[in-house]
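Here are my notes on the model, as numbered points. Please read them with the structure open.

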Amino acid sequence: MSETTATPGGGPTPSRAAAVRAHGDPRAGHGGADPARLTTLELLRRLAAGPRGLTAEQAEERLVRYGENVAPAWRPVSWPRRFLGSLRDPFTAVLLCLGLVSAAIASWGTAGVIMVLVVVSCLLRSGGEHQAGRAMAGLRELVATTASVQRRADDGAAPVVRELPVDQLVVGDVIRLGPGDLVPADVRLLRASGLTVHQAALTGESVPVAKYALDAPPDADDGAAEPPHLCFQGSSVASGSATALVVATGADTRFAAAHPGPARRRTESAFDRSVHGIAWTLIRFMLLTPPLVLMANAALRGRGLSTLPFAIAVAVGLTPEMLPVIVTATLARGASALARTGGVIVKRLPALHDLGAIDVLCLDKTGTLTQDRPVVARSVDARGADDPDVLNWASVGSFWTLELAELPAPDSLDEAVLDASAAYGADPLAYDGIAALPFDPAHRLATAVVRRPGTYGRHTLVVKGAVEDVLGRCGRVRLDGTEAALTEGERRRLLDLAATEAAGGLRLLAVAHAERPARGGPYGERDVRGLTFLGWVALRDALAPTAGAALDGLARRGVTVKVLTGDHPGTAARACRDLGLEPGEVLTAGQLGALSGPPLAAAVERATVVARCTAQDKARIVAALRASGRTTGFLGDGVNDLPALLTADVGICPRGAVAVAREGADVVLADKDLTALDRALTAGRHSSGTIAGYLRITLSSNLGNVLAMLAAGLLLPFLPMLPAQVLVQNLCFDAAQLAYAYDRPAPAAVRGPAVLRPRAVLRYVTVFGLLNAAADLATFGVLALAVHLSDGPGGPAVFHAGWFTENLLTQAMMMLLLRTGRSAPGGRTIGPVHLAVTALAVLGLLLPLSPLAPALDMAAPPPLYYALLAAVLALYAVTLTTAGRRYA
Ligand SMILES: Nc1ncnc2c1ncn2[C@@H]1O[C@H](COP(=O)(O)OP(=O)(O)OP(=O)(O)O)[C@@H](O)[C@H]1O
């Protein structure tokens, strides 16, 4: 802990105009000088700021002049950029390449249709993303982060700390930071107490880094890679507190300079793995198809480059062009419905799909399964007998830690201790506070250094924390009013006694103290040794009212629950039991030791509770589960949950979570109601089901067509389908499938995790693709027969028309018979899917008979064909229904 005297006399800050005149532009601020290399006083002067904060007028003027504290990557994307961004989609990019190849060989018709397809898909996609982006921005507002800013009404007024949206911060503002806060801008520390920050987003370092205030800059050659007295936007407070001066905002922060994109994740999520996996398999096929078609035609039919447009059309025929559009529309619709009616805010669209795929959900205990409103139940000595003196010492520790560390919000355990001790008249002010080491989740301890008034030359360390950690630093124990050495046997007895107490569901705060000769320098964690154990305060934390129902719902939906907590194993096991979740084997992070990867996943698979987890333990358990193939969600609300929230496939937090958890989570539960999880999983599974349904049906149909095209291309003396026809047909089918985004889930579709496994999808596609190809080949047969029997005109145009009609009708059938959703409860009402299917069928029947037919080289087939086609379709419907049941 280090204190800095940053006050340049404490007088009123010079007026803005005078300051700007005297020191120039506060945003250019440090005048190009590195803010780390100035003294605090120089920096304050250059920024025309003061340690008491800016006045409201100064802040407003700076805000107007230099803009909001928003990184450029978070600003809304313009339409042209969004449109061009859609071209980066791999399918669109491949289509574009095929269009360019067609243009290069002067196949203008194919090139034209492909370009229309590219433009339509980009327009639909950028439109969908624009809408989704607006909806998401609105939702993000609901969970927007604020900062504690110290400002004054005018020059003479006293500073007041207020919560302001982070975008309102300006250079020169003085802010307060506490555990769980995001560092909202680049700041220079004016005062800090036990401050450690996570700066993984900036430096990749996974463990929190200590930061402290320095009045003068450190030596240039002190070897430190990062200035210890600066904190950067993008990092977050792991422990301790600070008062800091904003030195850069918005685009000027170090993070914005280093990360042109939004500050997000991290590792590949379930969504990326499945949808992208399928997309890339298809793209490989698409790229292979044209050369294969060319070679086959050259070898068997002696055709040359003239088949290139057809080969390209075959490749295009495979493409699910609307995949990005359907994915965006489905997810955006699901997310906004969930926000409106389900009380759940999805901050990152693909997270909705990931929610549906979760098969294991890890959650923390305190604040999630319990209310995090602890109340002191008892205070006991080392014999287990009631002893109010232990609570008294705990209250001295809590009071002076809060007071000296200037924590913006007290920890709930400290608050409970102070409430209880006030009720029986304890007086922490009987001591003078000297220093504080606020609660550090890595060591599970908080320390206050105090002095009894009048007893100069002696300091007392008051330490409280987890029983194991406090005992680990004790050399003596107070028994029956006298101090004795803490033997190994005594330590074990105390641990057993604590385990018995914890098994009753109580949270324990062990208390110890030590007398030391007074000293002037700062105290650190290493000074907390050789303590005398006094006893513990036991607290009761009521269970969250909806936790039991939520756990029940998760079990019904096939989701395994793991509780990863920093608390005592006994306390956690009891909470689980009370909620109806059998804890089975209870592990501690210590028992898992240095395990990682499959052995760690196997150990965690056997347990329901892993206790005494640090933030890093939680993250490595989540990582191991994911690596073992589980789609893993993490639900947590505290600062020690952040790494796990970012590691999980989907990070979830309640709205009351600390700022950093809200920012890091993909999904925020809008209120305390944990049963909202059930609605979120259902919505996620529904969306995944829709996307999977689209992929399965489109790809099966496309594969069937491509196989039939290849066969027909080799059998017939003419092109079986013109490139333009392939493309028009694809477009109609894809447009019809947009209706799936409006379908309702079938109960079976939301019963278990909706995992989109690329292998399973590809197996399904092969089976139904072959069936579809068989129907097409049968159609060729009946078409030839009908032309022959009716003695009418045959030729390519009739063939094209006959096949076009059959194609759209079989696709309509697939949409109807293979879908997993339903339109309304009972499935009887006509819904969007029925309308789309009807439109597709009508188009298939009428287009070849319409005046547009000649443009696509189509001519009406003989009436007999329709009768024979009806028979083929009836047979196809029966096969489809039977196979559909088997593969559903
Ligand atoms: N303010 C505090 N001062 C001293 N000790 C504390 C304080 N807060 C928590 N502890 C101790 O540290 C232990 C671990 O706390 P931590 O915050 O890591 O986990 P938790 O909040 O109990 O559990 P969860 O991980 O489920 O949220 C607690 O059981 C308690 O003994």
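1. Two residues are in contact here if their C-beta atoms, placed from the backbone, lie within 7 Å. On that basis, take the contacts in the protein chain with a separation of 6 or more: 76% of them join residues 24 or more positions apart. Keep in mind that this is a predicted model.

2. Next, the overall make-up. The protein chain has 888 residues, and 54% of them are buried. It holds 29 helices and 23 strands.

3. How is the protein chain divided into domains? Domain 1 covers 16-72 + 145-258, and domain 2 covers 273-337 + 681-887. Domain 3 takes 344-370 + 544-672, while domain 4 runs over 375-540.

4. Now domain 3 against domain 4. Their centres, taken over C-alpha atoms, are 30 Å apart. Twelve residues from domain 3 and eleven residues from domain 4 form the contact. On the domain 3 side, helix H18 (residues 569-578) gives the most, with five residues. That side of domain 3 has six polar, three nonpolar and three charged residues.

5. The axes of helix H20 (residues 597-606) and helix H21 (residues 615-627) come within 8 Å and cross at roughly 100 degrees. Angles of 65 to 115 degrees count as roughly perpendicular, so H20 is roughly perpendicular to H21.

6. Which residues make the contact of H20 with H21? H20 supplies Gly597, Leu600, Ala601 and Val604. H21 supplies Arg620, Ile621, Ala624, Leu625 and Ala627. By class, this contact has seven nonpolar residues, one polar and one charged.

Terms used. Residues are numbered from 1 along each chain as its sequence is written. This is a predicted model: local features need pLDDT of at least 70, side-chain atom pairs count only at pLDDT 80 or more; totals for chains, interfaces and linings use all residues. Helices (H or I, at least four residues) and strands (E, at least two) are DSSP runs, numbered from the N terminus. A residue is buried if 20 or more other C-beta atoms lie within 10 Å of its own, exposed if 12 or fewer, and partly exposed in between; C-beta atoms are placed from the backbone. Domain bounds come from an automatic or database domain assignment. Ala, Val, Leu, Ile, Met, Phe, Trp, Tyr, Cys and Pro count as nonpolar, Asp, Glu, Lys and Arg as charged, and the others, Gly among them, as polar. Axes are lines fitted to C-alpha atoms, for helices over the stretch in contact, and angles run from 0 to 180 degrees between N-to-C directions. Angles under 35 degrees count as roughly parallel, over 145 as roughly antiparallel, 65 to 115 as roughly perpendicular and the rest as oblique.
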